[in-house]
Amino acid sequence: MDTLKPKKPLLLILEILRKYTDENHRLSQKDIGDILKNEYGLKIDRITGIRLLDTPRKPMKLVPELKNGLYLPKHIAEHLYMFSGESVPVTFRMKKQILNDVIDWFGTEITFSDETEDEVTVNWHAMHHRALQYCRHVRILEPADLVAVVRSDLQSANNSYSCVYEQEKD
């Protein structure tokens with residue numbers, strides 16, 4: 001029975017094509033995806049080359065962050081994009097124009113002060129990623145080690161582009 005599972009979405013797509021298309025009416029990939037989502041409750045991802053391993057996962061009780069069980073909303077808010085590692089309190093300054101993005105990242109369980117400052121507990125690696133991604137709009141104030149790493153990464157990026165700029169000038 002397990003060998004039929006990968007074929008099920010293909011059979012559903014074939015059924016959708018038979019039902020909704022003819023020589024004058026075609027569907028885009030987005031249309032097919034929307035029908036799969038709305039009518040069948042399926043989402044198709046374009047991930048390929050997945051292998052199921054025989055290696056068992058680590059038991060949750062051995063993961064320090066999960067010793068008291070999993071509270072999913074908190075876990076999701078602190079582990080954006082599945083970054084692993086410890087969650088730490090982070091203080092940063094942001095521009096108001098990215099307020100919606102910040103709420104999307106961390107949820108509504110955040111505290112605002114001075115209208116531009118915010119301290120939230122987030123995953124260190126996730127905030128590192130976001131700080132680099134939104135470097136024009138976010139400035140991390142604490143913790144000091146995260147500030148130092150982001151500063152170093154930005155200096156490295158600046159050096160990379162400075163070299164390119166100097167070569168183009170010549």
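Alanine 144 is exposed, with a relative accessible area of 62%; exposed means over 50%, buried under 20%, and partly exposed in between (1.4 Å probe, protein chains only). The model is predicted, so local features need pLDDT of at least 70 and side-chain atom pairs count only at pLDDT 80 or more, while totals for chains, interfaces and linings use all residues. Residues are numbered from 1 along each chain as its sequence is written, and side-chain values use heavy atoms, with hydrogens and water left out.

**Overall architecture**

- The protein chain has six helices and four strands, where helices (H or I, at least four residues) and strands (E, at least two) are DSSP runs numbered from the N terminus.
- Along the sequence, these elements follow the pattern α-α-α-β-α-β-β-α-β-α.
- Of the 170 residues in the protein chain, 24% are buried.
- Among contacts (heavy atoms within 4.5 Å) with a separation of 6 or more, 56% join residues 24 or more positions apart.

**Nonpolar cores**

- A nonpolar core is a set of buried Ala, Val, Leu, Ile, Met, Phe, Trp, Tyr and Cys residues joined through side-chain atoms within 4.5 Å.
- The largest such core has 17 residues, and those with the most contacts inside it include Val90, Phe92 and Val138.
- Strand E1 (87-94), helix H4 (99-106), helix H5 (124-133), strand E4 (138-142) and helix H6 (144-169) each supply at least two residues of this core.
- The largest share, four residues, comes from E1.
- Leaving aside neighbours within four places in sequence, valine 138 is in contact with Phe92, Arg93, Met94, Ile98, Trp105 and Met127.
- A second, separate core of five residues includes Leu12, Ile16, Ile32 and Leu36.

**Alanine 144**

- Alanine 144 lies in helix H6.
- From alanine 144 to valine 90 the C-alpha distance is 9.6 Å, although the two are 54 residues apart in sequence.

**Salt bridges**

- Side chains of opposite charge can pair when their charged atoms come close.
- The whole structure contains two salt bridges, each defined by a side-chain nitrogen of Lys or Arg within 4 Å of a carboxyl oxygen of Asp or Glu.
- One joins lysine 19 and glutamate 39 (3.9 Å, N to O).
- Because lysine 19 lies in helix H1 (residues 7-20) and glutamate 39 in helix H2 (residues 29-40), this pair ties together parts that are 20 residues apart in sequence.
- Lysine 19 is exposed at 55% relative accessible area, whereas glutamate 39 is partly exposed at 41%.
- Aspartate 34 and lysine 30 also form a salt bridge (3.0 Å, N to O); they are four residues apart in helix H2, and therefore separated by about one helical turn.
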